[in-house]
Each structure stands twice: as C-alpha cells, then as structure tokens.
Amino acid sequence: MRTPCTVRIRSKTPRSKSLTSSRQRTFTAADMTEASRQKQNLLELDREGLERFFVETLDEKKFRAHQVMKWIHHRHVTSIEEMTDLGKHLRAKLEDAAEIVVPNVMFDKPSVDGTHKWLLGMDGGNAIETVYIPDKGRGTLCVSSQVGCALNCTFCSTATQGFNRNLSTAEIIGQVWVAAKHLGNIPHRERKLTNVVMMGMGEPLMNFDNVVRAMSVMRDDFGYGLANKRVTLSTAGLVPMIDKLAQESDVSLAVSLHAPFDELRDELVPLNKKYNIATLMDACTRYALRKKGESVTFEYTLMQGINDQPEHARALARLMRDFDRSVQMKDAAKVNLIPFNPFPGTRYARSKADDIRAFQQVLNNAGLVAPVRRTRGDDIDAACGQLKGQVLDRTRRQAEHAKRLKQTGDFDAAA
Ligand code: SF4
C-alpha cells in the first residue's frame with residue numbers, strides 16, 4: 001500500500017554499474033524463474049525454510065542455514081564459493097543445489113538530501129522502485145510488494161498502471177539486500193537501515209505469504225535484525241487479512257485511511273465498499289489488543305478541497321479518539337498527514353499550506369500528535385507519490401486477477 005503512489009512507464013533506463021561486479025550475479029525475474037527451476041534461490045527462504053532445506057535436501061545440520069544467512073544478509077555475499085566457513089565439500093554440494101539470485105539494479109540515484117532510490121528490473125520489462133530515506137537517527141527503506149496494484153485507489157498512480165503480478169519473497173527481501181549492500185549496513189554493528197515500511201507499490205496483504213516470509217527475514221538476527229516495531233506493513237484495509245496478520249506475524253500496522261466518512265472513502269479507496277470504516281477500525285482494534293502497548297498508524301493524504309476541510313479533521317479526531325478508547329490506551333492511534341504529491345493526469349491537487357496547518361491544529365487541539373510528513377528526495381522524483389517504475393502487460397493480467405478475486409468472492413472493489 002503506498003500513500004499515494006506514482007508509477008510512470010519509462011521507455012528507457014540506463015544500466016547501473018554501481019552494484020554489478022564480476023563476482024556478483026544479478027538477474028532479471030525471468031532469469032530468476034528459470035534458475036529456480038534448476039536450483040533453489042536461497043533468497044526465497046526465511047530461517048525456517050533454509051533450515052529445512054539444509055536438513056531435508058542436503059542432509060546437513062540446521063546451523064549451516066544460520067551461517068549461510070549471515071553470509072547473504074550481513075556480508076552481502078552471493079557467491080557460495082566465498083562462504084569460507086562452510087568447508088569445501090559442503091560448498092560444492094550447495095553449489096549443485098542452490099544459488100543466490102538478487103534483483104537486477106537498472107539504475108540507482110542519490111538525492112542531495114541523502115534519499116536514495118533504486119530502479120529494479122523485473123520480468124517482461126516491468127520495474128519497481130525502492131527508496132531509502134535517512135533521517136535523524138534512523139534510515140527507512142520503502143519496499144514494494146507487487147508489480148502494480150489491483151485496488152484502484154483513485155488518488156494513486158500505481159492504480160492507473162494496473163496490476164501485473166505479486167513479487168516473490170526473493171524480490172521483496174532482495175530490495176532490502178540491494179539497499180543494505182549499497183549502504184554498507186551490518187546488523188548490530190553498522191546499522192544504516194533501521195526501519196522498513198511495506199509502503200511501495202502494491203497491497204502487501206494481497207501477497208500475504210511472500211510478504212510475511214520476507215518480513216521474517218527482516219526481523220531475524222541472521223537476517224537484518226530489525227525489531228518487530230521497526231517493520232511496518234501498510235494496508236488499504238483488507239480486513240480478514242489484518243486478522244490473519246495478527247496471527248502469523250508481529251509487525252507494526254499502518255492503515256491508509258484518507259477519509260473519515262464512508263461516502264468519501266468509497267470514492268478514494270474503493271475497497272471501503274467491501275470493508276467500511278467501522279469494520280476496518282474494529283480489525284485495527286483487534287490487531288492492537290493482541291499486544292500490550294501496541295499502536296496503529298493511520299495515514300491521511302491531504303487533497304485540496306476533497307478531504308482537508310475542518311469537518312474532515314473533526315471527524316478524523318473523533319475516529320481516532322474512539323480507537324484509543326476501544327484499545328484503552330492513550331495515543332493508540334497515531335496519525336500521519338501526507339500532503340498529496342500530484343502526478344500527471346490526476347484530478348487531485350495538494351492541499352494549501354494554510355489548510356494543512358489548520359487541519360493539523362484541529363487534531364492537535366483534540367490531543368492527537370499528527371506530524372505532517374516532510375517531502376524528501378524531490379530532486380530525484382523519490383518523494384511519496386513521485387516514484388517511477390514500469391508496469392507492462394497489465395491489461396490481461398489485471399483482467400485475470402479481477403476474475404480470480406470475484407470467483408473467490410474476496411472483494412468486488414478490486415474489479
Ligand atoms: S492499495 Fe494499491 S491502488 Fe491503493 S494506494 Fe496502495 S498501491 Fe495504490
């Protein structure tokens with residue numbers, strides 16, 4: 001779930017030299033699929049999967065999996081030959097059965113404010129972007145979960161690009177791998193990457209298994225060692241999957257709310273027609289109640305004359321206070337205000353500075369902390385809602401996807 005997203009089709013992109021060396025293998029997703037037919041891509045596996053691979057496929061001890069994870073995620077090594085604590089025989093056995101295939105970096109670009117973005121090539125000419133945003137004492141990586149998105153939020157450019165496919169676990173954790181390698185991130189020692197937000201292209205809860213597996217590597221000490229609360233999943237409000245997430249993972253939850261009234265949210269986030277605000281807030285309450293002291297972040301993109309008036313702010317404040325009451329915790333609801341970043345063809349505009357201030361003031365007067373997100377990476381088109389990528393061959397796949405969703409009766413709003 002990105003808030004909001006802009007993905008434009010690019011006809012041509014230069015190839016990066018920065019991450020390609022003779023020792024490192026980079027492949028497109030088509031290569032990755034082909035390779036996986038023959039060998040296991042170790043980037044697809046979390047700790048549990050890798051332990052099973054070592055025990056069941058290689059007839060080796062579990063702890064070998066931990067050694068290999070450290071080589072991949074701490075030292076950014078993709079050549080099995082370089083894993084010198086494995087022993088020659090085991091390395092040869094591993095070479096036969098597995099490999100480490102990382103995403104193909106088409107280009108990477110730094111901003112003057114320290115923001116950095118990567119365009120990563122997927123199959124069939126598709127591409128996604130990953131953005132690193134450093135701030136005081138923290139470094140946040142915004143990660144994508146799908147190529148395109150099927151949820152059709154009207155303020156979101158990814159929606160206009162359509163849906164192509166889910167990203168694999170390797171393609172999701174591969175985004176973290178690429179950034180961590182570039183930054184020289186070493187978990188527990190040289191920590192440059194402190195937070196990951198699943199807020200790039202796509203609705204992460206519609207790619208549940210791959211996203212949960214990738215988030216498990218992010219939080220694993222043999223992976224990126226991030227605390228649970230430092231990995232955030234942002235959703236448009238897929239209610240049953242929020243409950244499933246509560247059972248199967250332990251990360252922070254963010255919800256793209258954008259409107260305090262159903263009629264308006266139906267228009268901005270069509271998924272609301274299936275799971276309205278009351279149903280969504282109930283699911284958020286269940287999520288927060290599963291753990292003491294848990295808060296939920298509500299993202300609110302401010303669009304001029306659409307959702308930025310005092311009545312919207314007052315209704316939002318009521319909704320947030322009700323949430324605090326149902327969770328029985330002060331500040332259980334956190335609000336993030338995001339000035340809309342326009343993209344070509346959009347019917348929406350960014351709220352005026354005075355209206356943003358007035359909106360924030362109403363929330364503050366109601367006792368809510370509601371920071372306005374600063375725009376970062378403007379000079380490299382990496383601000384929220386300015387990302388570019390490529391989503392090709394989307395029409396057929398989107399139609400198939402919508403048909404599947406209708407058949408399962410999951411929700412009509414995606415069609
Ligand atoms: S759910 Fe999909 S369409 Fe809606 S804002 Fe997120 S990426 Fe865009």
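Tutor: Helices (H or I, at least four residues) and strands (E, at least two) are runs assigned by DSSP and numbered from the N terminus. The structure is a predicted model, in which local features need pLDDT of at least 70 and side-chain atom pairs count only at pLDDT 80 or more, while totals for chains, interfaces and linings use all residues. Residues are numbered from 1 along each chain as its sequence is written.

The part to examine is the loop between β7 and α5, where Cys153 is found. Cys149 lies there too, between β7 (146-148) and α5 (157-161). An unreviewed UniProt entry places the feature "binding site" at Cys149, Cys153 and Cys156; such annotations may be inferred rather than shown by experiment, feature names are shortened, and positions follow the numbering used here.

Cys149 is buried because 30 other C-beta atoms lie within 10 Å. Cys153 is buried as well, with 27 other C-beta atoms within 10 Å.

Two residues are in contact if their C-beta atoms lie within 7 Å. Leaving aside residues up to four places away in sequence, Cys149 touches Thr158, Ala159, Phe163, Met201, Gly202 and Glu203.

The record also marks another feature. For "active site", the unreviewed UniProt entry lists Glu129 and Cys384. Glu129 sits in strand β5 (residues 127-135), and Glu129 is buried because 26 other C-beta atoms lie within 10 Å of it.

Leu226 counts as buried because it has 23 C-beta neighbours inside 10 Å. Beyond residues up to four places away in sequence, Leu226 touches Val196, Met218, Arg219 and Val231. Leu226 and Leu193 are 33 residues apart along the chain, and their C-alpha atoms are separated by 8.6 Å.

We may now turn to pairs of helices, whose axes are lines fitted to C-alpha atoms over the stretch in contact, with angles running from 0 to 180 degrees between N-to-C directions. Helix α6 (residues 169-183) and helix α7 (residues 208-219) have axes that come within 8 Å and cross at roughly 35 degrees. From α6, Thr169, Ile172, Ile173 and Val176 make the contact, and from α7, Asn210, Val211, Arg213, Ala214, Val217 and Met218.

In the second pair, the axes of helix α11 (residues 310-327) and helix α12 (residues 353-365) come within 9 Å and cross at roughly 30 degrees. Therefore α11 and α12 are roughly parallel to each other; angles under 35 degrees count as roughly parallel, over 145 as roughly antiparallel, 65 to 115 as roughly perpendicular and the rest as oblique. Here Pro310, Ala313, Arg314, Leu316 and Ala317 of α11 meet Ala358, Phe359, Val362 and Leu363 of α12.

Finally, consider the whole protein. It has 13 helices and 13 strands, and buried residues make up 50% of its 415 residues. Among contacts between residues at least 6 apart in sequence, 70% join residues at least 24 apart.

Terms used: Buried ≥ 20, exposed ≤ 12 C-beta atoms within 10 Å, placed from the backbone.
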